[in-house]
Amino acid sequence: MDSLAATPGTGPATSPLPVVRPPRPAAKFEDLPAGRTALMGILNVTPDSFSDGGQFDDLDSAISHGLRMFYAGADMVDVGGESTRPGAEQVPAEEEQKRILPVVETLVKAGALVSVDTMNAATAAKAVDAGAAIVNDVSGLNFDPKMPALIAERGVPYVLTHRRGDAGTMDQHADYDDVTAEVIEELKSVRSKFFDAGVKPEQIILDPGLGFSKRAEQNWELLRNMEAFTGMGHPVLIGASRKRFIGTLLVDAGKAAPVEERDQATAAISALAAHHGAWAVRVHDVASNLDAIKAAAAWGGGR
Ligand code: PMM
């Protein structure tokens, strides 16, 4: 199939894509909308991601879905090849690269601003070579010590996410006396390693890491205290979309709401995060979250 073909935001993920668009100039980080919170669309190219059921592990359907999000208005597409859900198996870097690099290349050629969701410095380097403009790392620097040097060398924006432990252990590290203060201290401590390696402050984007070594009530507390993060002098990214703590909020007859029933609450969080100064929200459903962001911007006097 021609992977530069797409129908904006319509039809099931696997439907044929009749509209062919020519390559566009590469999007730049600086081109993100200035008057509102940006939307980062999630593209997990994995067989086991918890929130999209591993729908997009086939290359063509991953590319189609990424293009659909882009044409539906996503300001960025975040491409990841390794599931970060609690207990997920680690994927070898070669396999991760095989999954994501063709997707990154195609989306970049189509004119999308692409971030790469990876904990591996080698994968980040290859994705940047393929045109990715942002490195999104959820490891909290608990995985690849080569990441700071790579980010300094490439000079790209870097999402520094708070997480304790790894996918296998993070749920055991959710004990905090004051979750907001401790997450901020730990982010500062990791950030200093990036500064020491030569990363510039303007490259850093902070993310409190919702769901990563946090229990439901701790995620809500972090959201409630969002201004403590926006006050740190960096853009703030919020990744709440379809996460477990939304499922347990929407519990029905003793059962957490399934992932496909979490988009409305996600959009409410996006609106509130935008209103409280988030630089971007990382979400699965573009349409509802873009509307939420736009309504929040209008409420705040932006566009
Ligand atoms: N969450 C997931 C993956 N990547 N990146 C950032 N920066 N922040 C997040 O909260 C985040 C992330 C896990 O969620 P998914 O499996 O639905 O993508």
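Reader: How many aromatic pairs does a search of the whole structure turn up?
Author: The model is predicted: local features need pLDDT of at least 70, side-chain atom pairs count only at pLDDT 80 or more, and totals for chains, interfaces and linings use all residues. Residues are numbered from 1 along each chain as its sequence is written, and side-chain values use heavy atoms, leaving out hydrogens and water. Rings of Phe, Tyr and Trp (its six-membered ring) pair if their centres lie within 6.5 Å. Searching the whole structure, the number of aromatic pairs is 4.

Reader: What geometry does the pair of Trp-220 and Phe-245 have?
Author: The ring centres are 5.0 Å apart, with 75° between the planes. Planes under 30 degrees apart count as stacked, over 60 as edge-to-face and the rest as tilted. So Trp-220 and Phe-245 are edge-to-face.

Reader: How many residues apart in sequence are the parts that this pair ties together?
Author: Helices (H or I, at least four residues) and strands (E, at least two) are DSSP runs, numbered from the N terminus. Trp-220 lies in helix 6 (residues 216–224) and Phe-245 in helix 8 (residues 244–249). The separation of the parts, in residues, is therefore 25.

Reader: Is Phe-245 buried or exposed?
Author: Buried means under 20% relative accessible area, exposed over 50%, partly exposed in between (1.4 Å probe, protein chains only). Trp-220, at 26%, is partly exposed. Phe-245 is at 3%, so Phe-245 counts as buried.

Reader: Which backbone nitrogen does the side chain of Ser-213 reach?
Author: Ser-213 sits in the loop between strand 6 (204–207) and helix 6. Its relative accessible area is 0%, so Ser-213 is buried. Contacts (heavy atoms within 4.5 Å) beyond four places in sequence include His-162, Met-170 and Tyr-176. At 2.9 Å, its side chain reaches the backbone nitrogen of Arg-164.

Reader: Which side chain makes a polar contact with the side chain of Arg-36?
Author: Arg-36 is in the segment before strand 1 (38–44). With a relative accessible area of 16%, Arg-36 is buried. A polar contact pairs N or O atoms within 3.5 Å; within protein, one must be able to donate a hydrogen and the other to accept it, and residues adjacent in sequence count only if both atoms are side-chain atoms. At 2.9 Å, the partner of Arg-36 is Asp-75.
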